Amino acid sequence: MSSVSIQDVRHALNELGRLRFGEMRVEDAMHQVVQTTHTIFSVDGAGLMLANADHHLLNAAVSDVRMGHLEELQIRHQEGPCISAFEDKQLVRAEDLSQEMRWPLFSKHAVARGVRAVLASPIPYNQDAVGVVAVMSEQSRPWSAETELGLLAFTDLAALLIATMLMGEQQTELAGQLQSALNSRAIIEQAKGVLIGRRGISAHAAYQQLRAQARSERRKLAVLSAELVRDAVRQSDGSACTPCSTTRPLPST
């Protein structure tokens, strides 16, 4: 399988340069980025996912119906390469999901739906992540360094589009979704800090515990996090004791 050409990536980015200057709606620009990504990287699908307030990654633009399966399966099983890229703010590669142990539930069902390899890159915004740009293959695929660098370049373009939208005066439904995601992310990070301080666990483990309780209690992650932070503030102020807290204990890992 041929590797992506950096020259082709540069040419595509130059062609997409007009997207930076507001010559089309952001939603249309995202679709254009995804279609170009699909073509340049010679993959079987490409997609751009954006977070909502519940930190579910929802498709904003896709080039193939199987990218919709990535959204559905990752929300259902709460695991997958795009979720990992979003949470860890790092490029994530999966070369053969049939042999993948990091996301056993997701991988099994993804392979059954014709998704075998995934490369996912988080979309940065103000030291955070607001979504993911991903490409997929129906066959196992060793992702090359050139492909990874190229996808990072397309991710930067997506980040620029999103920053332009969030800083613009026109508040679209998509902009509102992203702002809610950013607001909820802030309180979730505070709740993670509380757990890290109390239990001496890693940031990843803290997030997993928060998410596990929110899922088991069928509550929104941001609401649970806000309660935990308020409880911690009351305890630090001495105005409430632990037995008086309304926040349920989080599961240990």
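Let's start with Leu50 and what surrounds it. Leaving out residues up to four places away in sequence, Leu50 touches Met30, His56, Leu57, Leu58, Ala60, Ile123, Val130, Gly131, Ile162, Leu174, Gln177 and Leu178; contact here means heavy atoms within 4.5 Å.

A word on the model before going on. It is a predicted model, with local features needing pLDDT of at least 70 and side-chain atom pairs counting only at pLDDT 80 or more, while totals for chains, interfaces and linings use all residues. Residues are numbered from 1 along each chain as its sequence is written, and side-chain values use heavy atoms, with hydrogens and water left out.

Now, the core. Leu50 is among the residues with the most contacts inside the largest nonpolar core, together with Met30, Leu48, Ile123 and Ile162, and that core has 33 residues. By nonpolar core I mean a set of buried Ala, Val, Leu, Ile, Met, Phe, Trp, Tyr and Cys residues joined through side-chain atoms within 4.5 Å. Buried is under 20% relative accessible area, exposed is over 50%, and partly exposed lies in between, using a 1.4 Å probe and protein chains only.

Which elements each supply at least two residues of this core? They are α2 (26-40), β1 (45-51), β4 (117-125), β5 (128-137), α6 (145-167) and α7 (173-199). Of these, α6 gives the most, with 10 residues. There is also a second, separate core of 24 residues, which includes Ala51, Trp103, Ala110 and Val132. As background, nonpolar side chains in soluble globular proteins tend to be buried together.

Zooming out, the chain has nine helices and five strands. Those are DSSP runs numbered from the N terminus: H or I of at least four residues for helices, E of at least two for strands. In sequence order the pattern reads α-α-β-β-α-α-β-α-β-β-α-α-α-α. Of the 253 residues, 49% are buried. Among contacts with a separation of 6 or more, 61% join residues 24 or more positions apart.

Beyond its neighbours within four places in sequence, Gln177 is in contact with Leu50, Ala51 and Asn52. Buried or exposed, or something in between: where does Gln177 fall? Gln177 is partly exposed, with a relative accessible area of 24%.

On to the charges. The count is 16 salt bridges, each being a side-chain nitrogen of Lys or Arg within 4 Å of a carboxyl oxygen of Asp or Glu. Arg185 is buried at 5% relative accessible area, whereas Glu189 is partly exposed at 33%. Both belong to a network of salt bridges that also links Asp128 and Lys192.

Helix α9 (residues 221-237) holds another pair about one turn apart, Asp231 and Arg234, which are three residues apart. Their closest N and O atoms are 3.8 Å apart. Asp231 is buried at 3%, and Arg234 is partly exposed at 29%.

Last one: Glu227 forms a salt bridge with Arg219, with closest N and O atoms 2.6 Å apart. Glu227 counts as buried at 18%, while Arg219 is partly exposed at 21%.
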